[in-house]
Amino acid sequence: MKILVFSASSRNGSLNKALSNIIYEKIKKLGLDVSFSEIKDYETALYDGDVEASQGVPLNAQNFKALLDEHEAFIIVSPEYNFSAPGNLKNLIDWASRTKQQPFRNKQIFLASASPSLVGGNRGLWSLRIPLSALGAHVYPDMFSLSLAHEAFTGDFKALKDEKLNNGLEKLLNSFLKYANKSL
Ligand SMILES: Cc1cc2nc3c(=O)[nH]c(=O)nc-3n(C[C@H](O)[C@H](O)[C@H](O)COP(=O)(O)O)c2cc1C
């Protein structure tokens with residue numbers, strides 16, 4: 001099983017990217033086939049039906065589809081904007097859904113978020129479940145949302161300060177990966 005960890009924030013110093021990196025390293029340590037990618041590399045203009053009709057799906061969205069096609073399981077780590085998923089992530093999903101054999105069908109997906117708030121961006125993940133489920137992905141029921149994320153990392157951003165939270169994240173990732181592997 002090939003696993004993709006995808007950070008959906010393009011911000012330098014992103015808390016979600018820091019969480020993505022920790023998740024990536026944890027999966028790598030398990031000896032599994034995992035890669036990392038981020039939304040910054042797939043910037044795409046807002047969906048426009050006329051552009052699609054005249055020029056087709058933009059190159060970056062095609063590249064994103066190709067990236068997804070190479071993996072069976074995705075871990076999407078996304079910020080919450082106004083209680084919802086970020087517009088650029090939703091836009092990328094919309095464009096990718098317009099490609100032949102859209103790349104979400106039957107994929108195993110785990111969602112995670114980080115936010116300075118007490119809720120950790122969890123409401124954004126609930127909104128993300130809707131398009132992903134509509135596209136036929138299997139979105140794992142449990143999610144990981146890191147609250148007070150601005151205080152949650154060690155100084156080098158390579159680990160979570162709280163050992164219990166760290167163990168909880170590992171347990172959750174293990175459960176998802178086992179389930180995803182069995183469901184292939
Ligand atoms: C437009 C916008 C809306 C936001 N809305 C929320 C929100 O609804 N809930 C929340 O917890 N944080 C919200 N935030 C704060 C983000 O969680 C915070 O900026 C976070 O650090 C962004 O993720 P990143 O660090 O990975 O870039 C919002 C930020 C922006 C820019």
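## Helix 1 against helix 6

The crossing of helix 1 and helix 6 is right-handed in this predicted model. Helix 1 covers residues 15-29 and helix 6 covers residues 163-182, and their axes sit 11 Å apart at an angle of about 60°. With that angle, the two helices are therefore oblique to each other.

Let's look at who takes part. Helix 1 brings Leu19, Ile22, Ile23, Lys26 and Ile27 to the contact, while helix 6 answers with Asn166, Leu169, Glu170, Leu173 and Leu177. Sorted by class, the residues of this contact are seven nonpolar, one polar and two charged.

## Helix 4 beside helix 5

Helix 4 (residues 87-96) and helix 5 (residues 122-134) have axes that come within 11 Å and cross at roughly 5°. Angles under 35 degrees count as roughly parallel, and helix 4 and helix 5 are therefore roughly parallel to each other.

On the helix 4 side, the contact is made by Leu89, Lys90 and Ile93; on the helix 5 side, Leu128, Pro131 and Leu132 take part. The class count for this contact is five nonpolar, no polar and one charged.

## Around the ligand

Arg11 uses its side chain, where an N or O atom is 2.8 Å from an oxygen atom of the ligand. Leu15 takes part through its backbone, with an N or O atom 2.9 Å from a ligand oxygen atom. Asn82 also contributes a polar backbone atom, which is 2.8 Å from a nitrogen atom of the ligand.

Terms used. Residues numbered from 1 in each chain as written. Predicted model: local features only at pLDDT ≥ 70, side-chain atom pairs only at ≥ 80, totals over all residues. Heavy atoms only, no water. Axes fitted to C-alpha atoms, helices over the stretch in contact; angles between N-to-C directions. Helix = DSSP H or I, 4+ residues; strand = E, 2+ residues; numbered from the N terminus. Parallel < 35°, antiparallel > 145°, perpendicular 65-115°, else oblique. Left-handed = near helix turned anticlockwise from the far one by under 90°. Contact = heavy atoms within 4.5 Å. Nonpolar A, V, L, I, M, F, W, Y, C, P; charged D, E, K, R; others polar. Polar contact = N/O pair within 3.5 Å; in protein donor to acceptor, adjacent residues only side chain to side chain.
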